[in-house]
Amino acid sequence: MNLLNAKNLSHNFEYPLFSNINLELNSGESIAIIGESGSGKSTLLHILSSLLKPDEGEVNILEKDIYRLNVADLVQIRRDDLGLIFQSHYLFKGFSAQENLEIAALLSHKTIDKKLLNRLDVGHVISQKVTELSGGQQQRISIARILTKKPRIIFADEPTGNLDNKTSLEVMNIFSEFIKENNAAMILVTHNEEFAFSCDKVFKLHNQELEQIK
Ligand SMILES: Nc1ncnc2c1ncn2[C@@H]1O[C@H](COP(=O)(O)OP(=O)(O)OP(=O)(O)O)[C@@H](O)[C@H]1O
Ligand SMILES: [Mg+2]
């Protein structure tokens, strides 16, 4: 089943970043996007994940043209179907890790997965305030928070950036099991080629074009 279909995307800031990009994502599938720093990967991910309207082109998610939806419908898709894991964490800073997870569980009518927290090695710190956690622990809590709501599509920008090798590998395993078990899908931006090539497809953003290399 097609979950995302992007057509003819072009975007410019002070200069052209990329043009005429097409991308399809089906359920059960993982896609990695690699490319040099500054090539536009995060910008492309923002466009694909409903956060930034492209200068040209359209993004269809679950067959809806997301940049032509009204705000209420877009908010609903974001809340129910999309899981955004970005470089800055978007955790509520004044709250504990546990409270952050409870908010996600409450909003999506799901439950907190204790096993997942232990696999991410944050089960023992969830009563602490977010500001008292290390960068890597915050990153893992935000991964747990996103997976708690069981999104159809995970958009992840360097999700293992603050993590050591062993934990990074565990996070990648958790993503791939999550995709299989929930018939979900993922678009991953990463500088780690090993993780990129563990995805079903790999694209490289280079010279304003998106080239498929796997
Ligand atoms: N909001 C913005 N306004 C103007 N220029 C921007 C904006 N966001 C990004 N850029 C510019 O667009 C280019 C691409 O940025 P982007 O963050 O997409 O790159 P990236 O491929 O994700 O890089 P990295 O691997 O370092 O994360 C950069 O030159 C950046 O300065
Ligand atoms: Mg980036």
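I began with helix α5, residues 135-148: its 14 residues reach 20 Å from the first C-alpha to the last, close to the 20 Å expected at 1.5 Å a residue. I note here that the model is a predicted one.

I next looked up the burial of α5 and found the helix mostly covered, with 12 of its 14 residues buried. Among the buried residues are Arg-140 and Arg-145, as well as Ile-141, Ile-143, Ile-146 and Leu-147.

I followed the chain out of α5 to Lys-150, which lies in the loop between α5 and β7. Lys-150 is not a glycine, yet its phi is positive, at about 50°.

Asn-8 is found in strand β1, residues 2-12. Is Asn-8 buried or exposed? It counts as exposed because it has 12 C-beta neighbours inside 10 Å.

I took Ile-153 for a closer look: leaving aside residues up to four places away in sequence, it touches Leu-3, Leu-4, Leu-25, Asp-81, Leu-82, Gly-83, Ala-184 and Ala-185.

The residues around it are Phe-13, Leu-17, Gly-35, Ser-37, Gly-38, Ser-39, Gly-40, Lys-41, Ser-42 and Thr-43. By class, this shell divides into 7 polar, 2 nonpolar and 1 charged. Helix α1, residues 41-48, gives the most to the shell, with 3 residues.

Finally, I looked at the chain as a whole. I found 7 helices and 10 strands. The radius of gyration is 17 Å, close to the 17 Å that the globule rule gives for 214 residues, and the chain is therefore as compact as a globular protein of that length. Along its principal axes, the C-alpha trace spans about 45 × 40 × 35 Å. Of the 214 residues, 38% count as buried. Among contacts with a separation of 6 or more, I noted that 71% come from residues 24 or more positions apart.

Definitions and conventions:
Residues are numbered from 1 along each chain as its sequence is written. Chains are lettered from A and ligands numbered from 1 in the order in which they are written. This is a predicted model: local features need pLDDT of at least 70, side-chain atom pairs count only at pLDDT 80 or more; totals for chains, interfaces and linings use all residues. A residue is near a molecule or strand if its C-beta atom, placed from the backbone, lies within 6 Å of it. Helices (H or I, at least four residues) and strands (E, at least two) are DSSP runs, numbered from the N terminus. Ala, Val, Leu, Ile, Met, Phe, Trp, Tyr, Cys and Pro count as nonpolar, Asp, Glu, Lys and Arg as charged, and the others, Gly among them, as polar. Two residues are in contact if their C-beta atoms, placed from the backbone, lie within 7 Å. The expected span of a helix is 1.5 Å times one less than its number of residues. A residue is buried if 20 or more other C-beta atoms lie within 10 Å of its own, exposed if 12 or fewer, and partly exposed in between; C-beta atoms are placed from the backbone. The radius of gyration is taken over C-alpha atoms; the globule rule is 2.2 Å times the number of residues to the power 0.38.
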